[in-house]
Amino acid sequence: MDFELTSEQKLIKKTARSFAEEVIRPKAKEYDENCTYPYDVIEEAKNLDLIAPGIPTEYGGGGLDFLTAMLVIEEMFWGDPGIGQSLTARGFGLDIILRYGTEEQKQKYIPPVAKGDWCCGSAITEPEAGSDVASMKTRAERDGDDFVINGSKMFITNGTVADFIIVFTRTDTNPPERHGGITAFIVETDREGFTAEAMHNKMGIRASDLAALTFENMRVPAENIVGQEGMAFYHLMTFFASGRTAVAAQALGLAQGAFDEAFKYAQERQQFGRPIVDFQAVQFKLADMATEIEAARGLVYRAASEITKGGNPAREASMAKLFASRVGREVANEALQIHGGYGFIKEYHVERFYRDAKIMELYEGTSEIQRIIIARSLLGKI
Ligand SMILES: Cc1cc2nc3c(=O)[nH]c(=O)nc-3n(C[C@H](O)[C@H](O)[C@H](O)COP(=O)(O)OP(=O)(O)OC[C@H]3O[C@@H](n4cnc5c(N)ncnc54)[C@H](O)[C@@H]3O)c2cc1C
């Protein structure tokens, strides 16, 4: 389905697919097995606008519009979700600098990420504060021109490889509103008092980095605050739609990757003297998978198009994430089923897609949280 893609968008999608096919996929099994962070792939992707796609040209990026950046994410995840995450999420957290940062912060932190030299992250989740972001406890207290940060963060993508991380902290312990009093800081990861401990042995996206962070009397200058002090949760709310649409695009790429493997296998595998694709039971699976993928694509591209036009479509983004992440998991499951016992063996790509699919129902708000948002929107409460 073309969904009114321009010829330029189609070309970028095609280029991204070639990179995914020729560079990413051949390394996927090994990097998953060994939890290898793909520095070599990042090196090859430099200058192709596949790393942290969507950074504006004035800060050294390729200037892709949001929908086109989603096409790149889709194709990187088609290649391999673990490596895809490492490439496309190297700019995770930049949004808040782009929208609310000072010009000085933009000039200092964005261009090196756009070039592929630096990596960043976004640290919101804590051991005791997951879906309930407002219950975060990591504290930043003013001391002269600095703030002193104490606390911990959990499950932080790029935690051990990032050069800087946007850390969300509590600067007011008794704000008038529950979501108030949260402030975001740019934290360079070589600051004294900062530690990142790698969380190895993940179920999926194993070629990406995940860490638990600790801040012990870590000083950071007040000039590193991004946006308005105490307003970071409200700043965050303005990108929930783009973050969720990006995860939906990840799931879409994964689903297409798993489907393509199953479609190929069904034509090659012979049983009862003929290829298994001749059996209607297998054809029906493929028909259902292809239909679900197209439906997911429609939701993802629709939300992405809205964002490209300057909108912040909370409901459509949550619908896209809720639906596409389920499709990713179900399509990966059916793709494995079509592979029979071979699907259970690491030699084939489908078992990896099956493991990788689960995360998309968890991060950037679980499926339950997406349903809450959709329902609230239906009820006119957001
Ligand atoms: C691989 C990976 C990468 C991640 N990357 C990042 C990152 O870079 N930065 C970051 O800040 N975080 C990151 N996260 C954290 C992720 O966003 C959280 O795991 C997620 O938001 C859920 O929080 P939790 O794990 O604490 O689960 P909980 O919030 O404890 O939820 C547990 C269960 O309860 C359900 N639940 C919770 N509240 C409600 C409710 N009100 N109604 C109904 N059900 C509810 C949830 O849906 C879930 O099923 C990452 C996580 C993983 C695993």
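Two strands count as paired if DSSP finds at least two bridges between them, and a strand here is a DSSP run of E with at least two residues, numbered from the N terminus. Keep that in mind, everyone, and let's look at the structure together.

A quick word on where this comes from. This is a predicted model, in which local features need pLDDT of at least 70 and side-chain atom pairs count only at pLDDT 80 or more, while totals for chains, interfaces and linings use all residues. Residues are numbered from 1 along each chain as its sequence is written, and side-chain values use heavy atoms, with hydrogens and water left out.

Now, the strands. Strand β2 (residues 139–143) and strand β3 (residues 146–157) run antiparallel, joined by 5 bridges. Find D143: the residue opposite is D146 in β3. Together β2 and β3 make a hairpin with 2 residues between them, and G144 in the turn has a positive phi of about 65°. On to another partner of β3: strand β7 (residues 210–221) is antiparallel to β3, with 9 bridges between the two. There, G151 faces F215 in β7.

Let's zoom out to the domains. The assignment, which is automatic or from a database, gives domain 1 (7–114), domain 2 (120–233) and domain 3 (236–378).

How do domain 1 and domain 3 meet? Their centres, taken over C-alpha atoms, are 20 Å apart. With contact meaning heavy atoms within 4.5 Å, 26 residues of domain 1 touch 30 residues of domain 3. Buried area is the accessible area (1.4 Å probe) that two parts lose on being put together, summed over both. Between these domains it is about 2300 Å², with carbon and sulfur atoms giving 61%. On the domain 1 side, K29, F66 and E74 lose the most area to domain 3, together 24% of what that side buries.

What about charges? A salt bridge needs a side-chain nitrogen of Lys or Arg within 4 Å of a carboxyl oxygen of Asp or Glu, and the rule finds 4 of them across the interface of domain 1 and domain 3. Have a look at D80 and R352 too, a salt bridge whose closest N and O atoms are 2.8 Å apart.

Finally, which helices of domain 1 are involved? Helices are DSSP runs of H or I with at least four residues. α1 (7–34), α3 (66–79), α4 (81–88) and α5 (94–100) each supply at least two residues of the side that touches domain 3. The largest share, 9 residues, comes from α3.
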